[in-house]
Amino acid sequence: MLQALQTRSMGFNGRLLFIFGVPAVLVLILEGEPLRVLCGPAYYWVAFTLWFCLGSLFSSWKGGSIAVLWDFVRTALLMLFVVAGSIVTWRQCQWVIRTIALACVLNLASVWLLERSTAWGGRLGLEFGLVGNPNDFAGHLLLCLPCVLWVVLDSKSVILRLAAFGVMIAGIYAVLRTASRGAEIALAVEVLLFFFRGTARQRFALVCLAPIAIVGLMAILPNPVVSRLFSFTSGASEVSDRKS
């Protein structure tokens, strides 16, 4: 999102991924870390990439498929090796979690402060970036919000915990504001998982605060968005899935 925001606001691509990513990859290669990373789930991602290459060769639109493949290799697959190869201690893992939580703040700022798109039939989304589509944006937030929750539970600073809690509420509202029904289900699953894996104190807090939060959020959501969230058939949807 940072590179997309930089490109959008300044009018040119600053190639932030290459500025920071290429040196990181070179350091990993010199230290021999990619070989350590190639274990467990990494095999599946590499196999997926190979299948992606094979599918692109037999695609009916090879140019478009190869372009998507190249974007995946230089961004998503590259990050697999950079992140997994760089983290070797729990302290480093904590820094990654905090970084993802901070990235969630950037994502929310991008959609609330810089440019709130009106091109998605009333749904919250962006007109730029890889996760500009409301469904993609909601899914992206659902991956980041657990890291924000970790800051709420782990931080010793009361101010930081309150700030992270505010980000949590804003993030949940943004997920619902996208009117993504898949994200709505995923959010409910995350809440249930937290309930069953949390401590007795955390469960009590969730039981007390969740109804208040649900009522409050539903009260401030636009009526078309609420109608779409409670309708699981395309005919009953009042908010379009397509750009207007």
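Predicted model: local features only at pLDDT ≥ 70, side-chain atom pairs only at ≥ 80, totals over all residues.
Where do the two rings sit in the chain? Phenylalanine 48 belongs to helix α4 (residues 42–57) and phenylalanine 72 to helix α5 (residues 62–86), so the pair ties together parts that are 24 residues apart in sequence.

The two partners can also be read by their accessibility. Phenylalanine 48 has a relative accessible area of 41%, which makes it partly exposed. Phenylalanine 72, at 15%, counts as buried, because the limit for that label is under 20%.

Now go along to the tryptophans. Tryptophan 90 and tryptophan 150 make another aromatic pair, with 6.4 Å from centre to centre and 85 degrees between the planes, and it is edge-to-face too. This pair links distant parts of the chain, with tryptophan 90 in helix α6 (residues 90–114) and tryptophan 150 in helix α7 (residues 134–154), 60 residues apart. Which of these residues is buried and which is exposed? Tryptophan 90 is exposed, at a relative accessible area of 52%, whereas tryptophan 150, at 19%, counts as buried.

Ring pairs join Trp45, Phe48, Phe52 and Phe72 into a cluster.

Arginine 98 lies over the face of tryptophan 95, 5.4 Å from the ring centre. Further along, arginine 203 has its charged end over the ring of phenylalanine 195, at 5.6 Å from the centre of that ring.

Time to zoom out to the helices. The chain has 11 helices and zero strands, and reading along the sequence gives the pattern α-α-α-α-α-α-α-α-α-α-α. How much of the chain is buried? Of its 244 residues, 30% are buried. As for contacts between residues at least 6 apart in sequence, 61% of them join residues at least 24 apart.

How do individual helices pack? Two packed helices are described by the angle between their axes and the distance between the axes. Helix α2 (residues 16–31) packs with α5 at an angle of about 50 degrees, and their axes are 10 Å apart. The two helices are therefore oblique to each other, and α2 passes α5 in a left-handed crossing. On the α2 side, the contact is made by Leu17, Phe18, Ala24, Val25 and Leu28, while α5 brings Arg74, Thr75, Leu78, Phe81, Val82, Gly85 and Ser86.

The packing of α7 with helix α8 (residues 158–177) comes next, at an angle of about 160 degrees and with axes 9 Å apart. That makes α7 roughly antiparallel to α8, because angles over 145 degrees get that label. Here too the crossing is left-handed, as α7 passes α8. Which residues meet? Among those in α7 are Leu141, Leu145, Val148 and Val152, and among those in α8 are Leu160, Ala164, Met168, Ile172 and Val175.

Finally, have a look at the loops. Arginine 15 has phi near 55 degrees, a positive value in a residue other than glycine. You'll find arginine 15 in the loop between α1 (2–10) and α2, where it is partly exposed with a relative accessible area of 44%. Alanine 179 also has a positive phi, near 60 degrees, and is not a glycine either. The place of alanine 179 is the loop between α8 and α9 (181–197). Is alanine 179 buried or exposed? With a relative accessible area of 0%, alanine 179 is buried.

Last stop: glycine 125, in the loop between α6 and α7. Glycine 125 counts as buried, at 0% relative accessibility. Glycine 125 and valine 175 are 50 residues apart in sequence, and 10.0 Å separates them in space, C-alpha to C-alpha. Valine 175 has come up already, as one of the α8 residues that meet α7.

Technical notes:
Residues numbered from 1 in each chain as written. Heavy atoms only, no water. Helix = DSSP H or I, 4+ residues; strand = E, 2+ residues; numbered from the N terminus. Buried < 20%, exposed > 50% of the residue type's maximum accessible area, 1.4 Å probe, protein only. Phe/Tyr/Trp six-rings, centres within 6.5 Å; stacked < 30°, edge-to-face > 60°. Lys NZ or Arg CZ within 6 Å of the ring centre and 35° of its normal. Axes fitted to C-alpha atoms, helices over the stretch in contact; angles between N-to-C directions. Parallel < 35°, antiparallel > 145°, perpendicular 65-115°, else oblique. Left-handed = near helix turned anticlockwise from the far one by under 90°. Contact = heavy atoms within 4.5 Å.
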